[in-house]
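Welcome, and please open the model in your viewer before reading on.

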Amino acid sequence: TPVYERGFAAGLPCGPWKDYDAQGQVTVTTEYPACDTAPWDSPPPLPFEAAVAVAATPFAGCPAGWSKVFETEADRRATWCQRDGLRDGPYAAEWTDGAPALLGQYTQGARTGEWLELHPNGVPAARGSYAAGERDGAWQFWHSNGAPQARGDYAGGLRTGDWTQWSPDGWVSSEGGWAADLETGPHRIYY
């Protein structure tokens with residue numbers, strides 16, 4: 001049973017707002033102007049198994065004439081290719097124990113294509129694509145126990161469309177729409 005339902009359009013309240021008690025009964029109803037939003041298209045699920053397979057792909061190395069760069073941070077080491085002072089080509093970071101932490105691709109200094117981030121225990125943390133350095137398209141996030149955490153779309157680095165979030169125990173904790181990183185349409189929070 002949701003604790004409340006809220007509607008948003010461009011980040012502003014709209015439509016009916018309802019609060020529920022522990023038995024699922026409506027306790028408060030407020031009416032705002034109509035949202036006038038179209039139904040969202042749910043992003044397709046990104047399979048967990050495919051994310052694990054991507055993590056198993058080794059760093060391919062750099063094309064001839066490019067530099068291979070290494071950098072160590074507090075909890076992980078990174079390797080990438082560099083050309084003309086910009087990251088370009090494959091990028092791989094690993095935890096200090098050697099397990100993969102982050103895998104992706106740069107094009108002329110900007111993240112592009114599919115990227116995968118992993119928790120220190122090897123479980124995928126996030127998977128999605130970048131275009132011109134910004135998150136773009138469907139993204140999936142996981143808790144460190146492997147349960148889904150969130151799923152939704154980005155456009156130019158901003159959340160868009162329908163987003164769903166899950167608790168570490170696997171139950172849906174919230175659902176709602178986004179447009180240009182602002183809440184839009186109905187939002188439901190579950191406890």
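## A hairpin to start with

Strands β9 and β10 make a hairpin with 5 residues between them, and in its turn G122 has a positive phi of about 95°. The two strands run antiparallel and are joined by 6 bridges. One of the pairings to look for is L116 with R127, its bridge partner in β10. Please keep in mind that this is a predicted model.

## The chain as a whole

Zooming out, the chain has 1 helix and 15 strands. It counts 191 residues, 37% of them buried. The exposed surface comes to about 10200 Å², with carbon and sulfur atoms supplying 52% of it. If you look at contacts with a separation of 6 or more, 23% of them are between residues 24 or more positions apart.

## On to β12

The antiparallel pattern carries on from β11 to β12, which pair over 6 bridges. Here W142 has P148 in β12 as its bridge partner. The hairpin of β11 and β12 has 5 residues between the strands, and G146 takes a positive phi near 95°.

## The nonpolar core

Which residues have the most contacts inside the largest nonpolar core? They are Y91, A93, W115, W139, F141 and W163, in a core of 18 residues. The elements that give two or more residues to this core are β6 (76-83), β7 (86-95), β8 (100-107), β10, β11 and β12 (148-155).

At 2% relative accessibility, W115 counts as buried. Leaving aside residues up to four places away in sequence, W115 touches Y91, L102, L103, G104, Q105, Y106, A126, R127, G128 and Y130.

## Aromatic rings

A pair of aromatic rings is described by the distance of the centres and the angle of the planes. Searching the whole structure gives 10 aromatic pairs. The rings of W80 and Y91 count as stacked because their planes are at 20°, with the centres 5.9 Å apart. W80 lies in β6 and Y91 in β7, so this pair ties together parts that are 11 residues apart in sequence. Both W80 and Y91 are buried.

Y91 also pairs with W115, this time in a tilted arrangement with 5.6 Å from centre to centre and 35° between the planes. Since Y91 belongs to strand β7 and W115 to strand β9, this pair ties together parts that are 24 residues apart in sequence. Y91 itself has a relative accessible area of 7%. Ring pairs link W80, Y91, Y106, W115, Y130, W139, F141, Y154 and W163 into a cluster.

Definitions and conventions: Residues are numbered from 1 along each chain as its sequence is written. This is a predicted model: local features need pLDDT of at least 70, side-chain atom pairs count only at pLDDT 80 or more; totals for chains, interfaces and linings use all residues. Side-chain values use heavy atoms; hydrogens and water are left out. Helices (H or I, at least four residues) and strands (E, at least two) are DSSP runs, numbered from the N terminus. Buried means under 20% relative accessible area, exposed over 50%, partly exposed in between (1.4 Å probe, protein chains only). Contact means heavy atoms within 4.5 Å. Accessible areas come from the Shrake-Rupley method with a 1.4 Å probe; for residues, only the protein chains shown count as cover. Two strands pair if DSSP finds at least two bridges between them. A nonpolar core is a set of buried Ala, Val, Leu, Ile, Met, Phe, Trp, Tyr and Cys residues joined through side-chain atoms within 4.5 Å. Rings of Phe, Tyr and Trp (its six-membered ring) pair if their centres lie within 6.5 Å; planes under 30 degrees apart count as stacked, over 60 as edge-to-face and the rest as tilted.
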